[in-house]
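This briefing walks through a structure step by step, from one piece of a chain to whole chains and then to strands and single residues. Please keep the sequence and the 3D view open while reading.

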Amino acid sequence: MFIKALNQFSKLFLHHQSFAAYIEPIMQVFKPAWRAGFFSAKVIAVSPCSHDFLSVTLKPSKQWRSHIAGQHISLTVEVNGRLLTRVFTLASSPDYFKATGLVRLLIKTSSLGQFTGQLQQALSLQPRCNISPARGDFVFKSWHKPSVFVAGGSGITPMLAMLEQQLGNTNSPMQLLYFAKADAHQCTNELTALAKRFAHFSYSLLTRDALTPLTQHINLDAQPDIYCCGPSGFMQQIADFAKQHKLGYFQESFGLALPNLTDDSQFSVKINKDTHVVTSNDVLLSQFEAKKLPVQRGCGIGICHQCQCIKKSGVVRNLKTNQLSDTGEQLIQLCVSQAVSDLELQL
Amino acid sequence: MTTINYQQLADDLDEIKMSTLATVGQKDANYIRSIVRKQRFCEIGGRILLMLGFVQPLLWVAGVLLLGLAKILDNMEIGHNVMHGQYDWMNDKQLNSKTYEWDIACDGQSWNRVHNFEHHTYTNIIGKDRDFGYGLLRLSNDFKWRLKNTWQFITYLNLSVLFQWGVSYHELAGERVFIGKKKPNREGAVAHSTLKKRFFSKGARQLIKDYVLFPVLAGPLFLWVLSGNLLANLIRNLWTSTIIFCGHFTEQTHTFYEQDCKNESQGQWYYRQALGSSNIKGARWFHILTGHLSFQIEHHLFPDMPSSRYQEIAPKVQAALQKQGIAYNTGGFFQQYTSVLKRILRYSFK
């Protein structure tokens, strides 16, 4: 109640959305990574793994509540004065956090990536970074049924957390099918250790071309639940397989699974004084980037709000919720917005 | 204008801009954060000292000065520049041009629209840039003389004393919103009802904060705090008014006509921005207190470049302008301010 009143006071009279935002510059004198609306996390270890993976171990501040295995967080790092944010799934379990106070991320880096390309250096230069609360509903559903985890590439991260957390809680069979490029599988030592420790767990390291004979790996008679994480095309195949065999299916997307749009309608988008033409077969963010408009890319899947802008008029479809906006002024996220009418935006 | 190589001018200034923006980074982020930090210490310290006036009146004086300084830093170096988008690249929610709001009666969003668009696009174009004379003062022969211009020096003094309210009224185009004046070919981007709501909402919050809420919170020290807030606002009003007038209304700043600016090239736009502005020489602390509007020429050429870079690029800008024989209007504070006063007086009469 008191905090609520303080925030309202700040909003009305101190011109900040919260009292924490107002005092942020002062708090940073004592705690440099303190940011309103974020949790700070101490960087404990940053270790490169094979095939451009980076293992990052963080110690979140005491205020950070734990996660559910399979959930993701936003990681915010300051790179040359810029606060860059991306979303990553935690690769460690809540039990590990409870025991050590630490969380681990396993991040696929790209030397050309604006964020991951600079992440190792940035984290080695700063003792602290910022994280969000854990979010996401890709979590383990049932201890009473056999489960098959299907991971593609860096989609292994939520599986690691879920296996570490859940294997001790059930005797139901658990199986991991881990697809990656040849010899690019991560954390194989951990998987071997888990398989030795838990008799009801087995795993297979597979390559992408082994995807077709999926029935060879899954015991359909047991009617297992399928948990899948990986690239959208990969997940679509697994989803189709699960549907065909009437299996429970849960997935976590890395990228937005765009509907198959056949509508090539063109719309005009007025931005400040200029007018641009966009089509409805791609999200606005990608089209604006191609036109070199001053847009800010963040997570790209409608989570971090970095690409948020003001829609003055017109209608967009949120591809994440499939809902149409109203026609008036509102904030929209460009990375998940599809033009449905002519638009006026303020970038 | 015919002897100037506008393409060369554009190339030279673009080069200055691009090479400078390429180096913008941590140093600039640290700079603006340090200014915000200082502003917070001044504001909180000032408000506390205002309540200690009964112990020692000098503490109250220090409180007034600190609070005035906090308001100046907030309005000039932080608010003005952040709302120009100079620090949007930082992705910092507290320094974002879309959301920043400042400690002044003028609503930030209304200011953003009129100032960033009308003033910076149509700088000193008669009839297009409403900031030229603020609709109150006759500052060139382009405007017909009226009787009220005879006492416009007093109008100027009144405007300076009440500058935050003048800006608030002006930036929402008060003459259109409240009085109903219309101009051809000009459509409001925001509904009048919205502008009115913003005007009254922000103004009321400022009045309540400085003249009701904080004085009441001070209990028996009500009058100490109320009078301190009044003086701090006055200091800010006089300072911001003076600096802004020195930036555009010295005798050397030029005016332009709409027909001359049609289809103008980038080089011609730069030319107009340079001649429509004037700089003030001074020490580093002075530049910070002006929000680096003491580098008004550089600000008008590159309004979204972090202000902390204006001093660094000023010699390069001056060289690029001189290469084309374009005047670089600069001078000490008293020289420029005297020039402003002379201009106000000169055009008071036919």
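**An enclosed helix in chain B**

In helix H10(B), the buried residues are B:Gly267, B:Trp269, B:Tyr270, B:Tyr271, B:Arg272, B:Gln273, B:Ala274 and B:Leu275. The helix covers residues 266–275 of chain B, and because eight of its 10 residues are buried, it is largely enclosed by the rest of the structure. The model is a predicted one, and the points below should be read with that in mind.

**Chain B as a whole**

- The secondary structure of chain B consists of 14 helices and zero strands, and its radius of gyration of 21 Å is close to the 20 Å that the globule rule gives for 350 residues, so chain B is as compact as a globular protein of that length.
- Taken along the principal axes, the C-alpha atoms of chain B fill a box of roughly 70 × 50 × 40 Å.
- Of the 350 residues in chain B, 56% count as buried, and among its contacts with a separation of 6 or more, 71% come from residues 24 or more positions apart.
- Chain B carries 40 positive and 28 negative side chains, with the centres of the two sets lying 6 Å apart.

**Chain A as a whole**

- Chain A has eight helices and 19 strands in its secondary structure.
- The radius of gyration of chain A is 22 Å, which agrees with the value near 20 Å that a compact globule of 347 residues would have, and its C-alpha trace spans about 65 × 55 × 40 Å along the principal axes.
- Of the 347 residues in chain A, 51% count as buried, and of the contacts between residues at least 6 apart in sequence, 61% join residues at least 24 apart.
- The accessible surface of chain A is about 16900 Å², with 51% of it belonging to carbon and sulfur atoms.

**Strand pairing in chain A**

- As background, the strands of a sheet pair through backbone hydrogen bonds, and they may do so in either a parallel or an antiparallel way.
- Strand S1 (residues 39–48) of chain A runs antiparallel to strand S6 (residues 128–131) of chain A, to which four bridges join it, and within this pair A:Ser40 has A:Asn130 as its bridge partner in S6(A).
- S1(A) is also joined by seven bridges to strand S2 (residues 53–60) of chain A, again in an antiparallel arrangement, and here the bridge partner of A:Val43 is A:Leu58 in S2(A).
- The hairpin of S1(A) and S2(A) has four residues between the strands, and in it A:His51 takes a positive phi near 55°.
- S2(A) pairs with S5(A) in the antiparallel sense over six bridges, and A:Leu58 has A:Val103 as its bridge partner in S5(A).
- Strand S5 (residues 103–108) of chain A is largely enclosed by the rest of the structure, because five of its six residues are buried.
- Elsewhere in chain A, three strands form an open, antiparallel sheet in the order S16-S15-S18, in which strand S16 (323–324) and strand S18 (337–339) are the edge strands, each pairing on one side only.
- Strand S15 (residues 316–318) of chain A and S18(A) are joined by three bridges and run antiparallel, with A:Val316 standing opposite A:Ala339 in S18(A).

- A:Gly155 sits in the loop between strand S7 (147–152) and helix H5 (156–166) of chain A, and A:Gly155 is buried, with a relative accessible area of 0%.
- Although A:Gly155 and A:Pro231 are 76 residues apart in sequence, they are 7.8 Å apart in space, C-alpha to C-alpha.
- A:Thr89 belongs to strand S4 (residues 82–89) of chain A and is buried, with a relative accessible area of 8%; not counting residues up to four places away in sequence, the residues that A:Thr89 touches include A:Gly70, A:Leu105 and A:Glu252.
- A:Ile271 lies in strand S12 (residues 266–271) of chain A, and with a relative accessible area of 5%, A:Ile271 is buried.
- Leaving aside neighbours within four places in sequence, A:Ile271 is in contact with A:His276, A:Phe288, A:Leu293, A:Leu345 and A:Leu347, whereas A:Ile271 and A:Gln244, which are 27 residues apart in sequence, are 46 Å apart in space, C-alpha to C-alpha.

Note on methods. Residues are numbered from 1 along each chain as its sequence is written. Chains are lettered from A and ligands numbered from 1 in the order in which they are written. This is a predicted model: local features need pLDDT of at least 70, side-chain atom pairs count only at pLDDT 80 or more; totals for chains, interfaces and linings use all residues. Side-chain values use heavy atoms; hydrogens and water are left out. Helices (H or I, at least four residues) and strands (E, at least two) are DSSP runs, numbered from the N terminus. The radius of gyration is taken over C-alpha atoms; the globule rule is 2.2 Å times the number of residues to the power 0.38. Buried means under 20% relative accessible area, exposed over 50%, partly exposed in between (1.4 Å probe, protein chains only). Contact means heavy atoms within 4.5 Å. Accessible areas come from the Shrake-Rupley method with a 1.4 Å probe; for residues, only the protein chains shown count as cover. Two strands pair if DSSP finds at least two bridges between them. Lys and Arg count as positive and Asp and Glu as negative; His and the chain ends are not counted. The place of a charge is taken as NZ of Lys, CZ of Arg, CG of Asp or CD of Glu.
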